[in-house]
Amino acid sequence: MKFHGRERQERQIHEMFRTENQETILIFGRRRIGKSELIKQCLKETRIQSIYFECKQTLA
């Protein structure tokens with residue numbers, strides 16, 4: 001499945017993947033706009049070691 005509509009963001013993430021520095025990427029925005037799918041797709045397309053951590057706000 002091809003991921004459409006986020007080419008600029010995908011390119012930015014892949015540029016960060018290519019650096020020799022350790023990078024942290026934070027993606028935020030309103031619900032249900034494809035943030036998780038964006039990072040999952042970018043990670044599928046690379047061979048670098050990575051950690052994907054999803055934070056969710058919960059009510060106590």
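I worked on a predicted model, where local features need pLDDT of at least 70, side-chain atom pairs count only at pLDDT 80 or more, and totals for chains, interfaces and linings use all residues. Residues are numbered from 1 along each chain as its sequence is written, and side-chain values use heavy atoms, with hydrogens and water left out.

**Overall.** I looked up the secondary structure and found two helices and zero strands. I took helices (H or I, at least four residues) and strands (E, at least two) as DSSP runs, numbered from the N terminus. Along the principal axes, the C-alpha atoms fill a box of roughly 40 × 25 × 15 Å. I then checked burial: 20% of the 60 residues count as buried. Buried means under 20% relative accessible area, exposed means over 50%, and partly exposed lies in between (1.4 Å probe, protein chains only). Next came contacts (heavy atoms within 4.5 Å). Of those with a separation of 6 or more, 55% join residues 24 or more positions apart.

**Helix pair.** I turned to helix α1 (residues 7-18) and helix α2 (residues 35-44). Their axes come within 10 Å and cross at roughly 50°. The axes are lines fitted to C-alpha atoms over the stretch in contact, and angles run from 0 to 180 degrees between N-to-C directions. So α1 and α2 are oblique to each other. I used these classes: under 35 degrees is roughly parallel, over 145 roughly antiparallel, 65 to 115 roughly perpendicular, and the rest oblique. The crossing of α1 and α2 is right-handed, meaning that the near helix is turned clockwise from the far one by less than a right angle.

I listed who makes the contact. From α1 come Q9, E10, I13, H14 and F17. From α2 come L38, I39, Q41, C42 and L43. These residues divide into six nonpolar, three polar and one charged.

**Salt bridges.** I searched for a side-chain nitrogen of Lys or Arg within 4 Å of a carboxyl oxygen of Asp or Glu. The count comes to two salt bridges.

One pairs K40 with E37, the closest N and O atoms being 3.8 Å apart. Both sit in helix α2, three residues apart, so about one helical turn separates K40 and E37. K40 is partly exposed at 34% relative accessible area. E37 is partly exposed too, at 37%.

K56 and E54 form a salt bridge at 3.6 Å, N to O. K56 counts as exposed, at 64% relative accessibility. E54, at 39%, counts as partly exposed.

How values were computed: Ala, Val, Leu, Ile, Met, Phe, Trp, Tyr, Cys and Pro count as nonpolar, Asp, Glu, Lys and Arg as charged, and the others, Gly among them, as polar.
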